[in-house]
Amino acid sequence: MAWSGRFVLLVALGIVPIVVFDQPDWLGLWLLFAALVGALDLLLAGSPRQLRLERELPERVRLGETVASALLLTNAGRRTVRGIVRDGWQPSAGAAPTRARLALPAGERRRIETSLTPFRRGERRAAQVTVRSFGPLGLLARQATIELPGAIRVLPPFNSRKHLPSRLARLRELDGRTSVMIRGQGTEFDSLREYVRGDDVRSIDWRATARRSDLVVRTWRPERDRRVVIVIDSGRTSAARIANEPRIDTAFESSLLLAALATRAGDRVDVVVFDRRVRGRIQGASGPELLSRMVDVMAPIDPELIEMDWSAVPSLVRSVTSQHALVVLMTSIDAGGGSRGLLGMLPQLTRKHTVVVSSVTDPSVLSASVERGDRDEVYRAAAAERSMLDTTRVSAAIRQLGADVVTGAPADLPPTLADRYIALKAAGRL
């Protein structure tokens, strides 16, 4: 048979398009042979549509931790599936490896594991699995994308829990469970002990002293069953990243440590995440249940790019409790103009409640204020000084209105806020 001139090659199955050749005889023969071999290789490839897929996945993981996600593949077809499997996780799920080799004979089952190290809170999802199946020679492949939804909830990391043991020890001292007894004005009477140098003379019990002929002082324990209401600002300012962490994540860390400490002290803790609507609410929980509910509610919440409605906060607090409470407002106070709503609302809260405003500060601003090696650094230092001055002015205005202010870098703010809570307990202000 002569192989010259123009001839049209139609490959079976309609996979390879029509190819028109006008080449010498030897090249035409070679291309025809390659096309036939490729078509045969593709025909012998296992069908990815014949795979049955299942997913094994933990429900929750803390941010930064690593868990295993497993795909179970069963070959229900008649040919071996040789190829590559890609599990389509969101990039923020931190999946590794993203692709896996597969050799699955007919009727058998394989397990493919993927490590997930999420770097964002919330629901991390996988919607599809893509399988590319090659023929025995590996020349051509079939590919199919199979719907297999999966999700894992990424919880706040609660890295500040490392500060909890030391703060609990200080609470035990306040509560009289160790030999150290601390007097706090307005706290509950606990017991009597001998006077030691440094004790407040106002704590001397003169009647007991007269009976025993030795100076005797009263010891006190902090009052229990106080109310702690935490309001977390989820407006636009909470979206700013400080030290590579969103402000709202620092607020979550601070609220978790404070809630863990307060519930151990016997106080009742309620948490509300709010901007112009309630984004999350935790009420009526205590102990381990409180922290579990808090991380579950906080996990999917992202900041809204809208202004915080401070005028609604007093009624929000009243809906939580009508009693005197410690109200902790977690927000930003680094701009005077953005804090007008907060300052205008504070007198309504401070008339009845003990109020603490907690705000994260940027450590890079402090470092920029002292670097003045060249002209650019001088300009940055001037801007940093202005920012620090704004924060100082807003803090002074908050204190004048009867509230307290706690500030700190992202790593320092949670323990600093916990220390302020302990100081308020010791002073009998709760």
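Residues are numbered from 1 along each chain as its sequence is written. In this predicted model, local features need pLDDT of at least 70 and side-chain atom pairs count only at pLDDT 80 or more, while totals for chains, interfaces and linings use all residues; side-chain values use heavy atoms, with hydrogens and water left out.

Helices (H or I, at least four residues) and strands (E, at least two) are DSSP runs, numbered from the N terminus. Helix α5 covers residues 287-298 and has 12 residues. From first C-alpha to last, α5 reaches 17 Å. This is close to the 16 Å expected at 1.5 Å a residue, where the expected span is 1.5 Å times one less than the number of residues. The buried residues of α5 are Leu290, Met294, Val295 and Met298. Buried means under 20% relative accessible area, exposed over 50% and partly exposed in between (1.4 Å probe, protein chains only). Down the axis of α5, these buried residues fall within an arc of 120 degrees, so they line one face of the helix. The arc is that of the directions from the helix axis to the C-beta atoms. An α-helix has 3.6 residues a turn, so residues three or four places apart point the same way. The cover over the buried residues of α5 includes the strands β4 (60-62), β11 (141-155), β14 (227-233), β17 (268-274) and β18 (278-282), and helix α4 (247-264). Contact means heavy atoms within 4.5 Å.

Helices α6 (residues 313-320) and α7 (residues 340-350) form a pair whose axes come within 9 Å and cross at roughly 30 degrees. Axes are lines fitted to C-alpha atoms, for helices over the stretch in contact, and angles run from 0 to 180 degrees between N-to-C directions. The two helices α6 and α7 are therefore roughly parallel to each other (angles under 35 degrees). Val313, Pro314 and Val317 in α6 meet Met345, Gln348 and Leu349 in α7.

The backbone features lie in loops. A cis peptide bond joins alanine 96 and proline 97, with omega about -5 degrees. Proline 97 sits in the loop between β7 (95-96) and β8 (99-104). Alanine 243 is in the loop between β15 (241-242) and β16 (245-246). Its phi is positive, near 55 degrees. Alanine 243 is exposed, at 53% relative accessible area. Asparagine 244 lies in the loop between β15 and β16. Phi of asparagine 244 is about 65 degrees, again positive. Asparagine 244 is exposed, at 65%.

Technical notes. Parallel < 35°, antiparallel > 145°, perpendicular 65-115°, else oblique.
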